[in-house]
Amino acid sequence: MPELPEVAYQKMYVDSTSLHQKIIKVDCGAKKLFQSPQKDFEVKLLKNEFTATKQIGKYLLLELKNSGYLVIHFGMTGKLDYFKHDEVDKHAHLTLTFDNDAKFSFICPRKFGKLFLTESVEAFREQQDLGPHATDIGEKEFQKLFDGKKGSVKTALMDQSFIAGLGNLYVDELLFHSGIHPKSKAEKLNDKEISSMYKNMKNVLDTVFKSKTEGNPIPKTYLRPHRTEGENCPNGKGKIEMIKVGGRSTYFCPECQEIK
DNA sequence: AAGACTGTTACCTA
DNA sequence: ATAGGTAACAGTCT
């Protein structure tokens, strides 16, 4: 569930289901997900309630009525569930019971997710060394990020301290729409190319979020449904190739994407 | 049935 | 010292 648009969807889900209900029970699962002692979570959350939500990159912050936040990072497979039946998912690692008998679970099969407690959004942002949230940043600011930036453009865009919220899928996607090869050096990109990445980043994040909320599939013109070696490029020219960049499987079209 | 997977980070090598 | 690459985490799916 993990890049910016999916977390935005989880945020919307919490806003529409889980605010303003008193927590009367706290059940914790695998210890490794908890970044403070589980006892602290129990003490903090019990008799409390969520009042609002905030997102920074891939992190979702749930504001608590009596101060502070519960922060969720979804790892590769995390998601939230608000439900009224009895069975709790076997991969639920934090389950809250509200005073209306509804329950709230953080489900995380691969246990790559993380749970934090923090008192301040800004303090948390600094602790995690998070760059600007990808959908908030303006074009000028985005341009400025690339001043003196080294390494491949894909590695840069995946770096959460550089810009927060992009991951493997949507970096590939925005580079595809921008016609830029993922191994291009960040310092070689000119203003026009950076501007193109900016526009495509916004557009991709927006389109993916809307697909998700409206229940539509990702557009066929996107790289996302074609992440297979040898598949025809949706633009109709080349065949999709797979390489490793920054340790991650990277799909691109050698005909459409030029190395800079 | 081996290998891939939307993320992060510790650890290695140059 | 620093940057870049790799393995590891752990479960599910193909």
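Author: Chain A is divided into domain 1 (4-128) and domain 2 (139-252), with bounds from an automatic or database domain assignment. This is a predicted model, in which local features need pLDDT of at least 70 and side-chain atom pairs count only at pLDDT 80 or more, while totals for chains, interfaces and linings use all residues. Residues are numbered from 1 along each chain as its sequence is written, and side-chain values use heavy atoms, with hydrogens and water left out.

Reader: What makes lysine 44 and glutamate 119 a salt bridge?

Author: A salt bridge is a side-chain nitrogen of Lys or Arg within 4 Å of a carboxyl oxygen of Asp or Glu. The N to O distance between lysine 44 and glutamate 119 is 3.3 Å, so the pair meets the definition. Lysine 44 lies in helix H2 (residues 38-45) and glutamate 119 in the loop between strand E8 (114-118) and helix H3 (121-127), 75 residues apart. Helices (H or I, at least four residues) and strands (E, at least two) are DSSP runs, numbered from the N terminus.

Reader: Why is lysine 44 called buried?

Author: Buried means under 20% relative accessible area, exposed over 50%, and partly exposed in between (1.4 Å probe, protein chains only). Lysine 44 has 19% relative accessibility, so lysine 44 counts as buried.

Reader: Why is glutamate 122 called partly exposed?

Author: Its relative accessible area is 45%, so glutamate 122 falls in the partly exposed class. The side chain of glutamate 122 meets that of arginine 125 in a salt bridge (3.5 Å, N to O). Both lie in helix H3, 3 residues apart, about one turn of the helix.

Reader: How do you know that lysine 154 and aspartate 172 form a salt bridge?

Author: Their closest N and O atoms are 2.7 Å apart. Lysine 154 is in helix H5 (residues 153-158) and aspartate 172 in helix H6 (residues 168-178), so the pair ties together parts 18 residues apart in sequence. Both residues are buried. A network of salt bridges links Lys154, Asp172 and Arg227.

Reader: Which residues is phenylalanine 209 in contact with, leaving aside its neighbours within four places in sequence?

Author: Contact means heavy atoms within 4.5 Å, and phenylalanine 209 has Pro5, Ala8, Tyr9 and Met12 as such partners. Phenylalanine 209 sits in helix H7 (residues 191-214). With a relative accessible area of 24%, phenylalanine 209 is therefore partly exposed.

Definitions and conventions:
Chains lettered and ligands numbered in written order.
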